[in-house]
Every structure is written in C-alpha cells, then in structure tokens.
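User: I have a model open and would like to go through it with you. Could you start with a detail of the strand pairing and work outwards from there?

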Amino acid sequence: MTSVKINEALCKGCGLCANACPKNVLSLSKHNMNAKGYFVAEVVNPQHCIGCTFCAIMCPDCAITVSE
Ligand code: SF4
Ligand code: SF4
C-alpha cells in the first residue's frame with residue numbers, strides 16, 4: 001500500500017503539496033505547529049493516495065516521502 005509521510009520538522013507550511021495533490025490527501029493543519037512556528041501539512045486522506053509523487057516533487061524543502 002502506498003504511504004506518504006511528512007517530515008514535520010522540515011515543513012514550512014507553504015501548502016504547495018496540498019495544492020498539487022489530485023486526490024486531496026494532504027491539508028495544512030490549523031492546530032499542529034512545528035518548532036519553527038509553521039502550521040504543518042498533514043495526511044488527512046491516506047487511503048486516497050495513488051502514489052503519483054506530485055506532492056514530493058513540489059515540496060521545496062524535501063519534507064515528503066512517498067513509498068510503496
Ligand atoms: S503521492 Fe500523489 S496522491 Fe499521494 S499524497 Fe502525494 S500528490 Fe497526493
Ligand atoms: S510543500 Fe513541503 S514545506 Fe510546503 S506545506 Fe507541503 S510538506 Fe510543508
């Protein structure tokens with residue numbers, strides 16, 4: 001099963017991954033803030049992920065890992 005993971009420590013809450021995802025798997029958190037003070041991206045619909053890796057390609061901080 002495809003799995004998408006976000007390294008919250010690297011995330012800067014830009015939202016590019018959520019915008020790039022065609023399946024609405026990702027969303028910016030309204031509550032979960034990392035040590036740098038950014039509201040981080042979260043995996044909200046993991047079951048919908050098709051493993052396209054668009055999110056990982058878009059992330060400017062290499063915070064996303066997609067694996068089979
Ligand atoms: S791999 Fe594709 S479907 Fe899965 S979270 Fe990333 S952009 Fe969305
Ligand atoms: S694209 Fe990367 S840095 Fe931006 S919100 Fe998504 S995981 Fe965080």
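Analyst: Met 33 stands opposite Phe 39, a residue of strand 3. Please keep in mind throughout that this is a predicted model.

User: How do strand 2 and strand 3 pair, and over how many bridges?

Analyst: Strand 2, residues 26-33, pairs with strand 3 in the antiparallel sense, over four bridges. The two strands form a hairpin with five residues between them. In the turn, Gly 37 has a positive phi of about 90°.

User: Lys 30 is in strand 2. Is Lys 30 buried or exposed?

Analyst: Lys 30 counts as exposed, because it has 8 C-beta neighbours inside 10 Å and the limit for that class is 12 or fewer. Its C-alpha atom is separated by 19 Å from that of Ala 20, ten residues apart along the chain.

User: Let us step back. What is the order of elements from the N terminus on?

Analyst: The order is β-α-β-β-α-β, that is, two helices and four strands. The radius of gyration is 11 Å, close to the 11 Å that the globule rule gives for 68 residues, so the protein is as compact as a globular protein of that length. The C-alpha trace spans about 30 × 20 × 20 Å along its principal axes.

User: What share of the residues count as buried?

Analyst: Of the 68 residues, 19% count as buried. As for contacts between residues at least 6 apart in sequence, 60% of them join residues at least 24 apart.

User: Which strand pairs with strand 1?

Analyst: Strand 4, residues 64-67, pairs with strand 1 in the antiparallel sense over four bridges. Within this pairing, Lys 5 stands opposite Thr 65 of strand 4.

User: Which residues touch the most other members of the largest nonpolar core?

Analyst: The core has 13 residues, and those touching the most other members are Ile 6, Cys 17, Leu 26, Ala 41, Cys 55 and Ile 64. Strand 1 (3-6) and strand 3 (39-43) are the elements that give two or more residues to this core.

User: What is Cys 17 in contact with, beyond its neighbours in sequence?

Analyst: Setting aside residues within four places in sequence, Cys 17 is in contact with Leu 26, Ala 41, Cys 55, Met 58, Cys 59 and Ile 64. Leu 26, Ala 41, Cys 55 and Ile 64 are also among the core residues named above.

User: Now the ligands. Which residues come nearest to ligand 2?

Analyst: Of the 14 residues around ligand 2, Cys 11, Cys 14, Cys 17, Ala 41 and Cys 59 come nearest. By class, its shell has ten nonpolar, two polar and two charged residues.

User: And which come nearest to ligand 1?

Analyst: Ligand 1 has 14 residues around it, of which Cys 21, Val 25, Cys 49, Cys 52 and Cys 55 come nearest. This shell has eleven nonpolar, two polar and one charged residues.

User: What does His 48 touch?

Analyst: Not counting residues up to four places away in sequence, His 48 touches Lys 23, Asn 24 and Val 25. The C-alpha atoms of His 48 and Val 25 are separated by 6.2 Å, although the two are 23 residues apart along the chain. His 48 is placed in the loop between strand 3 and helix 2, and it counts as partly exposed because it has 13 C-beta neighbours inside 10 Å.

User: One last topic: what phi does Thr 53 have?

Analyst: Thr 53 has a positive phi of about 70°, although it is not a glycine. It lies in the loop between strand 3 and helix 2. Cys 62, in the loop between helix 2 and strand 4, is not a glycine and has a positive phi of about 50°.

Technical notes. Residues are numbered from 1 along each chain as its sequence is written. Chains are lettered from A and ligands numbered from 1 in the order in which they are written. This is a predicted model: local features need pLDDT of at least 70, side-chain atom pairs count only at pLDDT 80 or more; totals for chains, interfaces and linings use all residues. A residue is near a molecule or strand if its C-beta atom, placed from the backbone, lies within 6 Å of it. Ala, Val, Leu, Ile, Met, Phe, Trp, Tyr, Cys and Pro count as nonpolar, Asp, Glu, Lys and Arg as charged, and the others, Gly among them, as polar. A nonpolar core is a set of buried Ala, Val, Leu, Ile, Met, Phe, Trp, Tyr and Cys residues joined through C-beta atoms within 7 Å. A residue is buried if 20 or more other C-beta atoms lie within 10 Å of its own, exposed if 12 or fewer, and partly exposed in between; C-beta atoms are placed from the backbone. Two residues are in contact if their C-beta atoms, placed from the backbone, lie within 7 Å. Two strands pair if DSSP finds at least two bridges between them. The radius of gyration is taken over C-alpha atoms; the globule rule is 2.2 Å times the number of residues to the power 0.38.
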